[in-house]
Amino acid sequence: MVALESYVPVLFGAALVAGAAQSMTLVTYITLRTAYSPDEFLGRIGSTARTISIGLQPIGLLIGGALIDRIG
């Protein structure tokens with residue numbers, strides 16, 4: 001929807017909905033991860049999850065950029 005739309009209020013609304021949904025998902029994910037992880041592993045589990053999620057962003061951006069360049 002966002003890629004096909006050029007009307008700014010619609011883009012703003014889509015960004016607002018996406019941000020709210022991502023926030024709720026993140027809070028739920030972190031709460032469940034913390035609740036079901038043994039206390040002695042919380043630091044390792046949290047740092048591993050963060051490294052994977054942040055570490056994969058450049059790879060996704062590279063692939064996305066290559067696809068945009070290739071497809072147009």
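The model is predicted: local features need pLDDT of at least 70, side-chain atom pairs count only at pLDDT 80 or more, and totals for chains, interfaces and linings use all residues. Residues are numbered from 1 along each chain as its sequence is written, and side-chain values use heavy atoms, with hydrogens and water left out.

**Exercise 1.** Describe the fold and overall form of the protein.

Solution. Helices (H or I, at least four residues) and strands (E, at least two) are DSSP runs, numbered from the N terminus. The protein has three helices and zero strands. Its radius of gyration, taken over C-alpha atoms, is compared with the globule rule, 2.2 Å times the number of residues to the power 0.38. The value is 17 Å, well over the 11 Å that the rule gives for 72 residues, so the protein is more spread out than a compact globule. Along the principal axes, the C-alpha atoms fill a box of roughly 50 × 30 × 10 Å.

**Exercise 2.** Determine how the protein and Phe 12 are exposed.

Solution. Buried means under 20% relative accessible area, exposed over 50%, and partly exposed in between (1.4 Å probe, protein chains only). Of the 72 residues, 6% count as buried. Phe 12 lies in helix H1 (residues 8-35). Because its relative accessibility is 60%, Phe 12 counts as exposed.

**Exercise 3.** State the separation of Phe 12 and Gly 60.

Solution. These residues are 48 residues apart along the chain, and their C-alpha atoms are separated by 24 Å.
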